[in-house]
Amino acid sequence: EALAPMMLAIELGYRHIDTAQIYGSEHNVGEAVRRSGVPREDFFITTKVAETRLNRDAFLASVPKSLETLGMDYVDLLLVHWPNEAVPFEEYMTALAEAQQRGWTKLIGVSNFTIAHLDAARALLGEGALATNQVEVHPFLQVPKMRDYARQHGLLLTAYQPIAKGTVNDDPVMQRIGAAHGVPPTTISLAFLMTEGHIVIPSAGSEEHLRDNLAAREIALSADEMDAIRAL
């Protein structure tokens, strides 16, 4: 059921595909890329190591398995999906760096890390080692402390659930701004987050929603509109 929308997304122009070991979608991602006929190097593929595989041996065994499932020689970005306090932090962060050194991934990053986790990672791996922290961000959860920290350290935030599971559609402010631009509130949500400097990874299953998401790239929000959304 997920393969057809993925194929359509690629046809419409999507090139960044986010997956993870626990999603069960790595095979479909690889299959969609192969069937599309678009060169592999035109894609940006992200996958994530599960929190249950963070000890060094399991971590370094899991990444080649993901590549095998994807049918790819490398991913563009490899993330630690969640921190796991049951495993020594240094163990899985150095394993992440080793995966990059081995050529399994071009970039490394993390997901669901707190500022304290990011400080520890910087101390361990050095400033600029991590490309992103993937966290839940949307108009109702704008994580200003994390946003400011990321900007200070040149770290990009990747926003998951950027349309708040569709609940932005029910907000009067988002409805008003969407109507002014002739697009649904979900599109405005993505445009807002991108204007804030975030990467967005919305999910969509229908052609209508896939197109609505892409339309966010063409939306220029005014300063007043940005402030109205920030107030949410």
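Me: How do the residues of the lining of the largest cavity divide by class?
Reply: They divide into 5 nonpolar, 4 polar and 2 charged. Keep in mind that we're looking at a predicted model. The lining is made up of Leu118, Arg122, Gly126, Glu127, Gly128, Ala129, Leu130, Tyr149, His153, Gly154 and Leu155. Arg and Glu count as charged, so Arg122 and Glu127 go in that group. Gly counts as polar, so Gly126, Gly128 and Gly154 go there.

Me: What makes this a cavity and not a pocket?
Reply: The way out! In a cavity a 1.4 Å probe fits but cannot get out, whereas a pocket is an open set of points. The largest cavity has a volume of about 100 Å³.

Me: How many cavities of 30 Å³ or more does a search of the whole structure find?
Reply: It turns up 2.

Me: What about the largest pocket: which residues lie nearest its centre?
Reply: Those are His16, Ile201, Pro202, Ser203 and Ala204, out of 32 lining residues. About 960 Å³ of space lies in this pocket. The elements giving two or more residues to the lining are α1 (3-12), β1 (16-18), α8 (185-195), β7 (199-200) and α9 (207-215). As for class, the lining has 21 nonpolar, 7 polar and 4 charged residues.

Me: Which residues of α2 and α3 meet?
Reply: From α2 come Glu26, His27, Val29, Gly30 and Arg34, and from α3 come Ser66, Thr69 and Leu70. By class, this contact has 2 nonpolar, 4 polar and 2 charged residues.

Me: How do you know whether Thr187 is buried or exposed?
Reply: Check its relative accessible area, which is 0%. Buried means under 20%, so Thr187 is buried. Thr187 sits in helix α8. Leaving aside neighbours within four places in sequence, Thr187 is in contact with Asp212, Ala215, Ala216 and Ile219.

Me: What makes phi of Val143 stand out?
Reply: Most residues other than glycine have a negative phi. Phi of Val143 is near 35°, a positive value, and Val143 isn't a glycine. You'll find Val143 in the loop between β5 (132-136) and α6 (144-152).

Me: Why does Val143 count as partly exposed?
Reply: Its relative accessibility is 21%. Buried needs under 20% and exposed needs over 50%, so Val143 lands in between.

Me: And Lys165, buried or exposed?
Reply: The cut-off for exposed is over 50%, and Lys165 has a relative accessible area of 70%, so Lys165 is exposed. Lys165 is in the loop between β6 (156-160) and α7 (172-181). Lys165 also has a positive phi, about 55°, although it is not a glycine.

Technical notes: Residues are numbered from 1 along each chain as its sequence is written. This is a predicted model: local features need pLDDT of at least 70, side-chain atom pairs count only at pLDDT 80 or more; totals for chains, interfaces and linings use all residues. Side-chain values use heavy atoms; hydrogens and water are left out. Contact means heavy atoms within 4.5 Å. Helices (H or I, at least four residues) and strands (E, at least two) are DSSP runs, numbered from the N terminus. On a 1 Å grid over the protein atoms alone, a cavity is a set of points where a 1.4 Å probe fits but cannot get out, and a pocket is an open set with protein on both sides within 12 Å along at least five of seven lines; lining residues have an atom within 4 Å of a point. Grid points are joined across faces, edges and corners, and a volume is the space filled by probe spheres set on the points. Buried means under 20% relative accessible area, exposed over 50%, partly exposed in between (1.4 Å probe, protein chains only).
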